[in-house]
Amino acid sequence: MGQIISISSQKGGVGKTTTAVNLGTSLAIFNKSVLLVDLDPQGSIGISFHLEDYHIKFGLYEVMVKNMPLTGTIINSGLDNLDLIPTNIRSEDQEIEMYSKALKLDLLKTIINPVKKIYDYIIIDCPPNLGSMTLNGLVAADSVIIPVVSEYYALKALGKFLNTLKSISKKYNRQLKIGGILVTMFDRRIKKQKEIVEYLRMTFKNLVFETVIPRNSKVAEAPSVGKPVILHAIHSEGAIKYLKLAEEIMSKKNENKL
Ligand SMILES: Nc1ncnc2c1ncn2[C@@H]1O[C@H](COP(=O)(O)OP(=O)(O)O)[C@@H](O)[C@H]1O
Ligand SMILES: [Mg+2]
């Protein structure tokens, strides 16, 4: 049975999509079969793989709103064992329709269930809010990975987000585990950032992944060439760390009950 991992945080710009894309690619490189699901109406997963709108005939919109079977929307990424379900929202009306269908919080869970046994990992990229799409992502998930940047205000938000996850788990998904807190865009030259990571480890202990993702120019430029950093610059520090993260996840060191 495949594991469903949601990448979630209430904040935008913390590396959710980057992590979904590069963790998914890394797991695929380690020979796992992976499905990446884009829950964010912004459609960044498609962009990260160089998919233009005309490549995406059907996507999550048709599945959630028009009841199309999920299998009809799966696109191969170009890498053998990495498949995608892109988001293909083309107007605000469609976005509203999708959000309102998602008020049925277990809709995505039901939709994904038939393909759960086909893949080793299903990775869900959530939007940067706690709206109905994100809640669908959390209800469908076995575990959640929370990317954080090492800044003071992020610490405050993290404590609150963990409490929110606890109550979501209590109400809607008792099986939900913390896959881990992932420090992203870390700059080791900045002393304050080091202190914040130390504080995170002291406070949240083994909830924090050993692997820390550095701020890295190759990671930042990869979406503009339509490739995950692992395929764009395999020897870059960013690519190496995402491969390490995949190893850490495959070894399951980090799963913790909420
Ligand atoms: N490790 C990194 N190093 C440099 N830039 C990064 C890194 N991770 C993400 N970025 C850049 O930061 C921006 C926000 O990342 P993104 O993954 O889109 O965040 P989110 O999905 O949480 O909104 C993007 O422009 C992305 O390319
Ligand atoms: Mg994103």
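Buried here means under 20% relative accessible area, exposed means over 50%, and partly exposed is what falls in between (1.4 Å probe, protein chains only). Strands, like helices, are DSSP runs numbered from the N terminus: E with at least two residues for strands, H or I with at least four for helices. Strand 5 is covered on both faces, with Y121, I123 and D125 buried on one side and I122 and I124 buried on the other.

A quick word on ground rules: this is a predicted model, where local features need pLDDT of at least 70 and side-chain atom pairs count only at pLDDT 80 or more, while totals for chains, interfaces and linings use all residues. Residues are numbered from 1 along each chain as its sequence is written, chains are lettered from A and ligands numbered from 1 in the order in which they are written, and side-chain values use heavy atoms, with hydrogens and water left out.

## The sheet around it

Zoom out and you get an open sheet of eight strands, in the order 3-4-2-5-1-6-7-8, with mixed pairing. Strand 3 (75-76) and strand 8 (256-257) are the edge strands, each pairing on one side only. Two strands count as paired if DSSP finds at least two bridges between them. Strand 5 runs parallel to strand 2 (residues 34-38), with five bridges between them, and V34 sits opposite Y121 in that pairing. At the other end of the order, strand 7 (residues 177-184) and strand 8 are antiparallel and share two bridges; the partner of I178 in strand 8 is N256.

Strand 1 (residues 3-7) is mostly covered too, with five of its five residues buried. Q3, I5 and I7 are buried on one side, and I4 and S6 on the other. Strand 1 is parallel to strand 5 (residues 121-125), joined by five bridges, and it is also parallel to strand 6 (residues 143-149), joined by three bridges. I5 shows up in both pairings: its bridge partner in strand 5 is I123, and in strand 6 it stands opposite S143.

## Where ligand 1 sits

Which pocket does ligand 1 take up? The space taken by ligand 1 is the largest pocket. For the grid-minded: on a 1 Å grid over the protein atoms alone, a pocket is an open set of points with protein on both sides within 12 Å along at least five of seven lines, whereas a cavity is a set where a 1.4 Å probe fits but cannot get out; lining residues have an atom within 4 Å of a point. A molecule sits in one of these if more than half of its atoms lie within 2 Å of its grid points.

The ligand is surrounded by 14 residues, the closest being G13, K16, T17, T18 and P214; the cut-off for being near is a heavy atom within 4 Å. Helix 1 (16-29) and helix 9 (217-221) each supply at least two residues of that shell, and helix 1 gives the most, with three.

Polar contacts are pairs of N or O atoms within 3.5 Å; within protein, one must be able to donate a hydrogen and the other to accept it, and residues adjacent in sequence count only if both atoms are side-chain atoms. Backbone N or O atoms lie 2.7 Å from a ligand 1 oxygen in the case of G13 and 3.0 Å from a ligand 1 oxygen in the case of G15. A polar backbone atom of P214 is 2.8 Å from a nitrogen atom of ligand 1. Taken alone, ligand 1 exposes 560 Å², and the protein buries 76% of that (Shrake-Rupley areas with a 1.4 Å probe; for residues, only the protein chains shown count as cover).

## Buried loop residues

T87 is in the loop between strand 4 (82-85) and helix 4 (92-101), and it is buried, with a relative accessible area of 7%. A polar atom of the T87 side chain lies 2.4 Å from the backbone oxygen of D38.

F209 lies in the loop between helix 8 (191-204) and helix 9 and is buried, at 1% relative accessible area. F209 and I181 are 28 residues apart in sequence, and 6.0 Å apart in space, C-alpha to C-alpha.

## Two positive phi angles

Most residues other than glycine have a negative phi. N67 has a positive phi of about 60° although it is not a glycine; this residue is in the loop between helix 3 (60-66) and strand 3 and is exposed, with a relative accessible area of 64%. K205, also not a glycine, has a positive phi of about 45°. K205 lies in the loop between helix 8 and helix 9 and is exposed, at 56% relative accessible area.
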